[in-house]
Amino acid sequence: NYVFSSNNKVGENFPSPYTKKSIDNVLASTQKNLNEWVTVKANVKDDFKRFHNFILFTLLLLMFQLLFR
């Protein structure tokens with residue numbers, strides 16, 4: 001999910017507090033643009049690859065560690 005945040009920096013991401021299977025990605029923040037209109041762009045394809053490849057890599061690493069204890 002792309003989110004607007006008042007207390008996180010742009011580019012930070014974290015598990016969504018509302019769903020178990022989604023990640024919130026901060027696109028805009030009031031830290032630099034308080035009371036201003038903000039236009040944002042996101043490369044959904046690149047973000048999808050980044051988050052899902054990270055999850056896949058993490059799972060593979062955990063499986064490797066469990067198999068070769």
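First, the ground rules. The model is predicted, so local features need pLDDT of at least 70 and side-chain atom pairs count only at pLDDT 80 or more, while totals for chains, interfaces and linings use all residues. Residues are numbered from 1 along each chain as its sequence is written, and side-chain values use heavy atoms, with hydrogens and water left out.

Let me start with the sheet. Helices (H or I, at least four residues) and strands (E, at least two) are DSSP runs, numbered from the N terminus. Here 3 strands make an open sheet in the order 1-3-2, with mixed pairing.

Now the pairing. Two strands pair if DSSP finds at least two bridges between them. In general, strands of a sheet pair through backbone hydrogen bonds, either parallel or antiparallel. Strand 1 pairs with strand 3 (residues 23-29) in the parallel sense, over 4 bridges. In strand 3, A28 is the bridge partner of F4. Strand 2 and strand 3 pair in the antiparallel sense over 3 bridges, and the partner of F14 in strand 3 is D24.

Is strand 3 largely enclosed or open? Of its 7 residues, 5 are buried, so strand 3 is largely enclosed by the rest of the structure. Buried means under 20% relative accessible area, exposed means over 50%, and partly exposed is in between (1.4 Å probe, protein chains only).

Phi of N35 is near 60 degrees, a positive value in a residue other than glycine. N35 is exposed, at 75% relative accessible area.

Next, the helix. Helix 1 (residues 44-67) lies across strand 1, strand 2 and strand 3, and runs at about 140 degrees to strand 3. Contact means heavy atoms within 4.5 Å. Axes are lines fitted to C-alpha atoms, for helices over the stretch in contact, and angles run from 0 to 180 degrees between N-to-C directions.

How many salt bridges does the structure hold? It holds 1, counting a side-chain nitrogen of Lys or Arg within 4 Å of a carboxyl oxygen of Asp or Glu. The side chains of R50 and D47 form it, at 3.0 Å from N to O. Both residues lie in helix 1, 3 residues apart, about one turn of the helix. R50 is partly exposed, at 41%, whereas D47 is buried, at 12%.

Finally, the surface. F54, I55, L59 and L62 make a nonpolar surface patch of about 390 Å². F54 sits in helix 1 and is exposed, with a relative accessible area of 55%. L67 is also in helix 1, and is exposed at 64%. The C-alpha atoms of L67 and S6 are separated by 43 Å, with the two residues 61 apart along the chain.

Note on methods:
Patches are made of residues with over 30% relative accessible area and no salt bridge: like charges are joined within 9 Å, nonpolar side chains (Val, Leu, Ile, Met, Phe, Trp, Tyr) within 5 Å. Accessible areas come from the Shrake-Rupley method with a 1.4 Å probe; for residues, only the protein chains shown count as cover.
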